[in-house]
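Please read these notes with the model open beside you.

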Amino acid sequence: MASGGDGAEAPGGRRVLVVGGGIAGLGAAQRLCRHPAAQHLRVLEATARAGGRIRSERCFGGVVEVGAHWIHGPSQGNPVFQLAAEYGLLGEKELSKENQLVETGGHVGLPSVCCTSSGARVSLELVAEMASLFYGLIDQTREFLHAAETPVPSVGEYLKKEISQQVAGWTENEETRKLKLAILNTFFHVECCLSGTHSMDLVALAPFGEYTVLPGLDCTFSGGYQELTNCIMASLPKDVMIFNKPVKTIHWNGSFQEDAFPGEAFPVLVECEDGSRLPAHHVIVTVPLGFLKEQQNTFFDPPLPAEKAQAIKKIGFGTNNKIFLEFEEPFWEPGCQLIQVVWEDTSPLQDTAPSLQAAWFKKLIGFLVLPPFGRSVHVLCGFIAGLESEFMETLSDEEVLLSLTQVLRKVTGNPQLPAPKSVLRSCWHSAPYTRGSYSYVAVGSTGDDIDLLAQPLPMDDTSTQLQILFAGEATHRTFYSTTHGALLSGWREADRLTGLWDLQSQQPRPRL
């Protein structure tokens, strides 16, 4: 880092460290770089690449999204959409007014084909009927946001209570009733993927409606989501990013002196795993909540205030993984976009302990058909959330391939179906600097906990303000779990800092 003996005195000497090079950290850095006071800025990224949970990989002769997949709500109010448009990363269809005006309600589209686990085709009319019931109830859950009290603590319990009442009025034969419950069970699993949770019983009912769905038909990047973070990174001065630089402990509320900066005292000192010690006036922490949950006791010295530590424990953070399967020939029809799998004899009204070893794959919601990468490269992308998803990470590629080959042979009713050529999967729970996928508001927590997590340190009004600031998707009260929430949070903290500097530049600043 460039030195400057008068750094603590002059606005030009503000030393800022951003911990984490995901879209929140990159967004904060890009914003700060435009301010004349941020001449000494570094982004410390623990791994060898930027992007965080945005991770596009070249595979199967194309690009697949191991992390973030869609721009959720691609419209004018979405900064990720706007930035992607500015960088020229979206096509005509994605940019069309028509696309931006679609109201999805945050619900996943209906499948192209739906099969049971024994190979029977399910009527798409029946699937649509159950989707209408399920998503109607999901919409109802959002109405409890300003209610004085809720009938039950969780979204899952509310859905099950309402579905039980519906079932009592069903007049079909038992086989059809069981099939309808199995279809509903799949929608519960879809919702687990969306919320990044093991079970909807873990998701708090009262604050559920605070999550805000933007208009627009969810869209993807033809060249990969990482193009966006690469563009942001390319806009930064060349020495800002430091890779393979995991942080061990952030020492704060001190007066740290370093030989490299004689005569200066810094309120924060960042100690890295490689033994290096970097002094700073301000540190923006953008690491995932999963990492904070695991490391908060050693990551901050002194420890975090009790209420912030509690917020980190209370907010939910789960796992949603993808499994990509490559085929030489498609076994699905041309134009097929989504294959839904309904596991027979399952029901959301039955509480069954997950049988991980024998049946982890029953949490799979089905397979997205990716656009073909070539004449003989056809790829399916399966989604799976929760403890089953985390168990899947402990298996070998061969075990995953074998299990899913057996599943697909049963689902298609073709015992001779050729096995996939190869498999690629995400393992977000095992990733040491992530420890999961994204956040949700868990039972026992509210949006206030998200705001608490976002509050800078020290939390009392002291002369050394804004020592540690917090950004990342889990710090955005209405857009948690999304890339646009993460980006907005990075901008928010950059603006918080520059606002302080602008204020300080208008008044004499006492020496630290």
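1. Basis of the notes. This is a predicted model, in which local features need pLDDT of at least 70 and side-chain atom pairs count only at pLDDT 80 or more, while totals for chains, interfaces and linings use all residues. Residues are numbered from 1 along each chain as its sequence is written, and side-chain values use heavy atoms, with hydrogens and water left out.

2. The parallel sheet. Five strands, in the order S6-S2-S1-S10-S19, make up an open sheet with parallel pairing; strands are DSSP runs of E with at least two residues, helices are runs of H or I with at least four, and both are numbered from the N terminus. Two strands count as paired if DSSP finds at least two bridges between them. At the edges stand strand S6 (241-242) and strand S19 (468-470), each pairing on one side only. Strand S2 (residues 40-44) is joined to S6 by two bridges, and Met241 in S6 is the bridge partner of Val43.

3. The helix on that sheet. Helix H1 (residues 23-33) packs on the sheet and touches strand S1 (15-19), S2, S6 and strand S10 (282-285), its direction making about 170 degrees with that of S2. Contact here means heavy atoms within 4.5 Å, and angles run from 0 to 180 degrees between N-to-C directions of axes fitted to C-alpha atoms, for helices over the stretch in contact. Nine of the 11 residues of H1 are buried, where buried means under 20% relative accessible area, exposed over 50% and partly exposed in between, with a 1.4 Å probe and protein chains only. Among the buried residues are Leu26, Gln30 and Leu32.

4. The mixed sheet. Six strands in the order S5-S14-S15-S16-S13-S17 form an open sheet whose pairing is mixed. Strand S5 (113-116) and strand S17 (422-425) are at its edges with a single partner strand each, so one side of each has no neighbour in the sheet. Helix H7 packs on this sheet, touching S5, strand S13 (320-327), strand S14 (338-342) and S16, and its direction makes about 120 degrees with that of S14. Strand S15 (residues 366-369) pairs with strand S16 (residues 378-385) in the antiparallel sense over three bridges, and Leu368 has Cys381 as its bridge partner in S16.

5. An enclosed strand. Strand S8 (residues 268-272) is largely enclosed by the rest of the structure, because five of its five residues are buried. Val268, Val270 and Cys272 point one way from S8, whereas Leu269 and Glu271 point the other way. Four bridges join S8 to strand S7 (residues 247-251), running antiparallel, and four join S8 to strand S9 (residues 277-280), also antiparallel. In the hairpin of S8 and S9, Gly275 takes a positive phi near 95 degrees.

6. The second largest pocket. Its volume is about 670 Å³, a volume being the space filled by probe spheres set on grid points joined across faces, edges and corners. On a 1 Å grid over the protein atoms alone, a pocket is an open set with protein on both sides within 12 Å along at least five of seven lines, a cavity is a set of points where a 1.4 Å probe fits but cannot get out, and lining residues have an atom within 4 Å of a point. Of the 25 lining residues, Asn185, His189, Gln350, Thr352 and Glu388 are the closest to the centre of the pocket. H7 gives the most to this lining, with four residues.

7. The cavity. The largest cavity holds about 80 Å³ of space, and its 13 lining residues include Val287, Leu289, Ala471, Ala474 and Thr475, which lie nearest its centre.
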